[in-house]
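Trainee: I would like to learn how to read a model of this kind, one feature at a time. Could you give me the general idea first and then the case at hand?

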Amino acid sequence: MKKLFFILMLVIGASSVNAQTKIAHVNSQQLLDTMPSRKQAIKEIQAFQKEGMAELDELENQLRKLYQEYETAQKNGESPLMLEMKAKKIQAKEQAYQERQSTLEQDLQILQQRYNDPILRRVQEAVKIVSDRKKLNYVFDLSSTLYASGDDITSEVMVELLRLEKEAEVKKP
């Protein structure tokens with residue numbers, strides 16, 4: 001009988017704790033889409049990508065030209081020594097192309113991280129401010145939730161986020 005009473009008290013206690021849990025959700029994609037700093041970051045990242053692609057295209061064109069020169073030299077019966085020198089030049093250009101491509105990819109990752117980290121921190125800070133104000137225990141992202149029936153605090157977080165964006169803009173050197 002004592003065990004039954006104890007189990008009943010645990011169930012009642014757990015349900016009362018569960019009833020006090022406040023849950024809300026937020027649409028993070030909508031928040032990100034409204035941020036001026038994110039829009040600017042996307043523009044700058046795309047400009048970097050475009051510039052990098054143009055640079056790689058130029059290297060690729062140079063490589064094609066070297067291949068054509070090699071083929072022409074081969075057809076014209078140039079000496080094996082000259083062909084070997086042209087082949088080494090092609091290998092060096094291929095290596096330079098691969099190294100530059102790798103460097104550009106690394107630079108792009110660094111650039112994306114440097115832009116995205118402060119943006120995501122601001123989103124988290126805005127969610128925390130609204131969550132503290134509303135005394136929420138959990139806030140879920142709508143994009144990773146199959147079903148959401150709790151409070152949608154996206155608009156409130158958006159207001160805080162835009163305020164934080166303005167503060168960050170003022171603090172920029």
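Trainee: Which residue does H25 stand opposite in β3?

Mentor: Strands here are DSSP runs of E with at least two residues, helices are runs of H or I with at least four, and both are numbered from the N terminus; two strands pair if DSSP finds at least two bridges between them. In this predicted model, H25 stands opposite D152 in β3, and A24 stands opposite D151 in that strand. Strand β1, residues 23–26, is joined to β3 by two bridges, and the strands run parallel.

Trainee: Before we continue, what conventions apply to the numbering and to the atoms?

Mentor: Residues are numbered from 1 along each chain as its sequence is written, and side-chain values use heavy atoms, with hydrogens and water left out. Because this is a predicted model, local features need pLDDT of at least 70 and side-chain atom pairs count only at pLDDT 80 or more, while totals for chains, interfaces and linings use all residues.

Trainee: How many bridges pair β1 with β2?

Mentor: β1 and β2 pair over four bridges in the parallel sense, and A24 stands opposite V139 in β2.

Trainee: At what angle do α3 and α4 pack?

Mentor: Axes are lines fitted to C-alpha atoms, for helices over the stretch in contact, and angles run from 0 to 180 degrees between N-to-C directions. Helix α3, residues 36–75, packs with α4 at an angle of about 175°, and their axes are 10 Å apart. Angles under 35 degrees count as roughly parallel, over 145 as roughly antiparallel, 65 to 115 as roughly perpendicular and the rest as oblique, and α3 is therefore roughly antiparallel to α4.

Trainee: What do we find at S131 and K135?

Mentor: S131 is found in helix α4, residues 80–134, and counts as buried because its relative accessibility is 9%. Apart from neighbours within four places in sequence, S131 is in contact with L136 and V139. K135 lies in the loop between α4 and β2 and is exposed, with a relative accessible area of 63%; its phi is near 55°, a positive value in a residue other than glycine.

Trainee: How many helices and strands does the protein have?

Mentor: The protein has five helices and three strands, and from the N terminus on its elements run α-β-α-α-α-β-β-α. Of its 173 residues, 21% count as buried.

Conventions. Buried < 20%, exposed > 50% of the residue type's maximum accessible area, 1.4 Å probe, protein only. Contact = heavy atoms within 4.5 Å.
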